[in-house]
Amino acid sequence: MFETLSDRLTSVFSSLRSKGRLSDADIDATCREIRIALLEADVALPVVKDFVARIKERARGAEVSQALNPAQQVVKIVNDELIEVLGGETRRLRFAKNPPTVIMLAGLQGSGKTTLAGKLARWLRDQGHAPLLVACDLQRPNAVQQLAVMAERAGVAVYAPEPGNGVGDPVAVARQSVDHARRQQHDVVIVDTAGRLGIDQELMKQAADIRDAVTPDEVLFVLDAMIGQDAVSTAGAFMEGVGFDGVVLTKLDGDARGGAALSVRHVTGRPIMFASTGEKLEDFDAFHPDRMAGRILDMGDILTLIEQAQKTFDEQEAAKMAGKLVSGDGFTLDDFLEQMMMVRRMGPIKNLLGMMPGMGQMREQLNQVDDRDLDRVAAIIRSMTPGERQDPKIINGSRRARIAKGSGVTVTEVNNLVVRFFEAQKMMKRMTQGMGIPGMPGGRK
Ligand code: GDP
């Protein structure tokens, strides 16, 4: 999902890593790159323009932060703006005060409406609701049958026209279904309407008539994310012809670009409420703009880490530490201790490490990290003389024995620490070339 955009943005950010400070020219160049990335992702032009303008304005106005390096600052701004363009807060389904809640689905044929009806019904059922699926697509010969199959798979009831009871009139079926739901104690009614291959007036009128007959609590527009730029015009036509409260994006699993997802909210003013990511019933969930932005930026939870770092570190403290980290060579056991204590204040070490991208595979090792180990390490370092902390290479056998005695640990533990410190120093050298968190082992330049 969104691979192209992720790749482009990641390379934009990595070109900023070596910068100590961003000039206006750097910001302009970065914004140009972001603009190209978005256009290539098929994001609608007005959305791109707006997005880039906001990034530029915020990047220029950004305070020089000691806690974040320029690349991190830009990541943060882009992340914030992505969340915004994807709709900001998660928009949850509104349920009627007097059940049943009526949800009407509209969209083009093939957009994944019927599949979505089944997924939504299952999702609601799992949350303790008793949904009723209503077949109002009476145009396509197989549509009613297909919905019945979906209902069965989802384990929910279906309402379809019975012979002689308004057959062929989807508006009547919709109206009757609400009465039926009330009688049968269904608290949610999901009305599947007819789609066409293209926009046409008759289709719009039928959907509007159904809407007027059942006054839905939510009209959801089902949009195939794979249609790219066409998404904007289709959404516009449905907005005008039927109107809708929220968007459901389908086939996100096949959408490498993300244009529809990033445009639809801006263009229609309506939030994306659900996302469908496959053909199976469980490939479906509520849409969370913040999580989606995180996935687009492909930063693991590094953003959470950036925020925690910002909150935790005193800016000056971070600046001081950052100065020392210019190269791994300047990094001493004193710094090691200081950093460890900073990290300690950010919360359990396991959680922190778990948020770093790429740490997922290290779950096993992470589970063995014990915060008390950190305290033992701190005790060992505190038993060293300033000279030893500056230059651990001088720690010979008798010094080791003294340190062990002073901190109440074995000589082997002292040994292990010194070895680990040298490894950390090496790793630091490697990681300061990448992006990290100021003040953490492996922090920024
Ligand atoms: P409708 O005409 O709008 O009712 O669309 P359907 O529900 O019949 O879906 C059209 C096709 O898209 C079917 O083959 C579905 O299996 C497929 N489909 C629906 N949703 C998704 C999805 O999220 N991902 C993928 N890959 N396929 C989907």
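What pLDDT does the protein chain average, and what share of the residues score at least 70? The structure is a predicted model, and its protein chain averages a pLDDT of 82, with 79% of the residues scoring at least 70. Over residues 357–363, the pLDDT is below 50, and this stretch has six contacts in the model beyond near neighbours in sequence. The pLDDT also stays under 50 over residues 435–445, for which the model has 45 contacts beyond four places in sequence. For the complex, the predictor gives an ipTM of 0.98 and a pTM of 0.70.

The protein chain contains 20 helices and eight strands. Of its 445 residues, 41% count as buried. Among the contacts between residues at least 6 apart in sequence, 75% join residues at least 24 apart.

Helix H1 is formed by residues 3–14. From the first C-alpha to the last, these twelve residues reach 16 Å, close to the 16 Å expected at 1.5 Å a residue. The buried residues of H1 are Leu5, Leu9, Val12 and Phe13. They cover an arc of only 95° around the axis, which puts them on the same side of H1. An α-helix has 3.6 residues a turn, so residues three or four places apart point the same way. On the face of H1 turned away from the buried side, the exposed residues Ser11 and Ser14 are found.

Strand S6 comprises residues 246–250. Five of its five residues are buried, so S6 is largely enclosed by the rest of the structure. Gly246, Val248 and Thr250 point one way from the strand, whereas Val247 and Leu249 point the other way. In a regular strand the side chains alternate between the two faces of the sheet.

S6 pairs with strands S5 and S7. With S5 (residues 218–224), the pairing is in the parallel sense and runs over five bridges; here Asp224 stands opposite Thr250 of S6. With S7 (residues 272–276), the pairing is again in the parallel sense, over three bridges, and Ala275 of S7 is the bridge partner of Leu249.

A helix also belongs with each of these strand pairs. S5, helix H9 (residues 230–241) and S6 make a right-handed β-α-β unit. S6, helix H10 (residues 259–268) and S7 likewise make a right-handed β-α-β unit.

Terms used: Residues are numbered from 1 along each chain as its sequence is written. This is a predicted model: local features need pLDDT of at least 70, side-chain atom pairs count only at pLDDT 80 or more; totals for chains, interfaces and linings use all residues. Helices (H or I, at least four residues) and strands (E, at least two) are DSSP runs, numbered from the N terminus. A residue is buried if 20 or more other C-beta atoms lie within 10 Å of its own, exposed if 12 or fewer, and partly exposed in between; C-beta atoms are placed from the backbone. Two residues are in contact if their C-beta atoms, placed from the backbone, lie within 7 Å. The expected span of a helix is 1.5 Å times one less than its number of residues. The arc is that of the directions from the helix axis to the C-beta atoms. pLDDT is the predictor's confidence in each residue, from 0 to 100. Two strands pair if DSSP finds at least two bridges between them. A crossover is right-handed if, with the strands pointing away from the viewer, the path from the first strand over the helix to the second runs clockwise.
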